[in-house]
Protein chains: 2
Amino acid sequence: MTARLEIVAVPGVPEVAKGSSPGALIAAAAGRAGLAIADADVVVVSQKIVSKAEGRVRDLGDVEPGPNALAIAARLDKDPRLVELILAESRRVVRAERGVLIVETRGGWICANAGIDASNVPGDETVALLPENADASARQLRSDLEAATGSRPAMIIADSFGRPWRLGQTDVAIGCAGIGPIDDWRGRTDREGRPLAATSVAVADELAGAADLARDKGSGAPAVLIRGAERWTSAGDGPGAGALRRSEGEDLFR
Amino acid sequence: MTARLEIVAVPGVPEVAKGSSPGALIAAAAGRAGLAIADADVVVVSQKIVSKAEGRVRDLGDVEPGPNALAIAARLDKDPRLVELILAESRRVVRAERGVLIVETRGGWICANAGIDASNVPGDETVALLPENADASARQLRSDLEAATGSRPAMIIADSFGRPWRLGQTDVAIGCAGIGPIDDWRGRTDREGRPLAATSVAVADELAGAADLARDKGSGAPAVLIRGAERWTSAGDGPGAGALRRSEGEDLFR
């Protein structure tokens, strides 16, 4: 079995304000562009639009850095107010050296700066935090999109994360609904009947990265439609992107 | 600017023997399937077909494990002959615990088992090593494909690597030609004129992962065509996937 995938950015999604429904806005923009969204599709949405709709933005002017944030900020040459926000969103610091602050977020992701940044957020000192529970956000988005279109595509919320050992960022899934994030090949065999070495594929991360290729970061295009990935989609919402988190006991690098 | 990408597996690429030309075999299979390959396309090829063509396969029956391999194998519960091959392909061991052997390969990649595995390799005890220089392999593939088709698409050689912190593997680029592996956004701004947080995007890795979505691992389909990614392609071969390697001085996790 092989597949043909098609990946297309949804043009014309407007700036999202707190309390608005990204699902409804994406549905309307897709409609205006003549893009029909089907149950079998996957819609990949950037974290930023979800965070803005959920009010997960902060003005650095309102942040009072504590002594720990001040100390780390001085050592890493970062804005102490930003560091205060990062620490408040984190369970623990994984690395704080060479200007880089890598943490484990309250939600369980390991990433730089707890995923907090200022790009594509209006306001001079405004930053966006990650959604509090991006799997719940993805389920909500899916419902909202269904209410607006009658279709119930799979939904992935994506953010750009760096990686150890390799330069550059790739988009990965931090929330999803209606898609199995991991395609487990354990127990299956190749055409010679030998066990496969690639035992499990992080499909949701590969889909998030694929969607990023259709998005121009400068334009902030926040939604991308993927057709041809229906073999991983499901009517139920499934386990969410939480299934992608490697537990501490299985992890050699924290 | 947005893009529409299309990703399609090339059906019918036969098993590759040592000394055969994967470029010519892929060109022939694409022709039989009516898939025209253009200069603007990206062809993603699995590492395994390249390794087999280059004779980078070993029979475990021919391997005599040394004392270091025997000690590590006993501790990790692995085949000592496989561990001997892994060590021979490695500059150093990054982690050897909990049954996992992560190394830095001679080529500079950090991955489990030096990328050596047995899936989709004929023979009961035969394993495939990574190509010695996958960027050179990609350049050769590109030339061979041009000789066979008259077109000169970009070429990516992909393999499945695991990641710290996240479960599941994703396909990444270990060799490329005719494509800038990193899209550098540093100095560019969002639509508000603010610096972008995603400063550089590992495009070649996102393309490798996207191609994996069109490939069924059981069938071993070794070549995938991507259309719509021409903004990252180039007539010259470019820096290769080596540009994706994070140097030790920039890396916090080895």
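This is a predicted model: local features need pLDDT of at least 70, side-chain atom pairs count only at pLDDT 80 or more; totals for chains, interfaces and linings use all residues.
## Domains of chain A

Contact between the two involves 10 residues of domain 1 of chain A and eight residues of domain 2 of chain A. On the domain 1 side, the elements that supply two or more residues are α2 (47–53) and β8 (154–161) of chain A. By residue class, that side of domain 1 of chain A consists of three nonpolar, three polar and four charged residues.

## Nonpolar core

The largest nonpolar core contains 152 residues. Within this core, A:Ile156, A:Leu207, B:Ile156 and B:Leu207 have the most contacts.

Leaving aside residues up to four places away in sequence, A:Ile156 touches A:Val42, A:Val44, A:Ala138, A:Ala173, A:Cys176, A:Ile179, A:Ala204, A:Leu207 and A:Ala208. A:Leu207, one of these neighbours of A:Ile156, is itself among the residues with the most contacts inside the core.

## Strand β2 of chain B

How many residues of strand β2 (residues 42–46) of chain B are buried? Five of the five are, so β2 of chain B is largely enclosed by the rest of the structure. In a regular strand, side chains alternate between the two faces of the sheet. In β2(B), B:Val42, B:Val44 and B:Ser46 point one way, while B:Val43 and B:Val45 point the other way, and all are buried.

β2(B) pairs with two strands described here. With strand β8 (residues 154–161) of chain B, β2(B) runs parallel and is joined by five bridges; B:Ser46 has B:Ala158 as its bridge partner in β8(B). With strand β12 (residues 223–227) of chain B, the pairing is antiparallel over four bridges, and B:Val42 has B:Ile226 as its bridge partner in β12(B).

## B:Ala53

B:Ala53 lies in helix α2 (residues 47–53) of chain B. Is B:Ala53 buried or exposed? B:Ala53 is buried, because 22 other C-beta atoms lie within 10 Å and the cut-off for a buried residue is 20 or more.

Residues touching B:Ala53, not counting those up to four places away in sequence, are B:Val16, B:Lys18, B:Ser20, B:Ser21 and B:Pro22. B:Pro153 is 100 residues apart from B:Ala53 along the chain, and the C-alpha atoms of the two are separated by 20 Å.

Terms used. Residues are numbered from 1 along each chain as its sequence is written. Chains are lettered from A and ligands numbered from 1 in the order in which they are written. Two residues are in contact if their C-beta atoms, placed from the backbone, lie within 7 Å. Ala, Val, Leu, Ile, Met, Phe, Trp, Tyr, Cys and Pro count as nonpolar, Asp, Glu, Lys and Arg as charged, and the others, Gly among them, as polar. A nonpolar core is a set of buried Ala, Val, Leu, Ile, Met, Phe, Trp, Tyr and Cys residues joined through C-beta atoms within 7 Å. A residue is buried if 20 or more other C-beta atoms lie within 10 Å of its own, exposed if 12 or fewer, and partly exposed in between; C-beta atoms are placed from the backbone. Two strands pair if DSSP finds at least two bridges between them.
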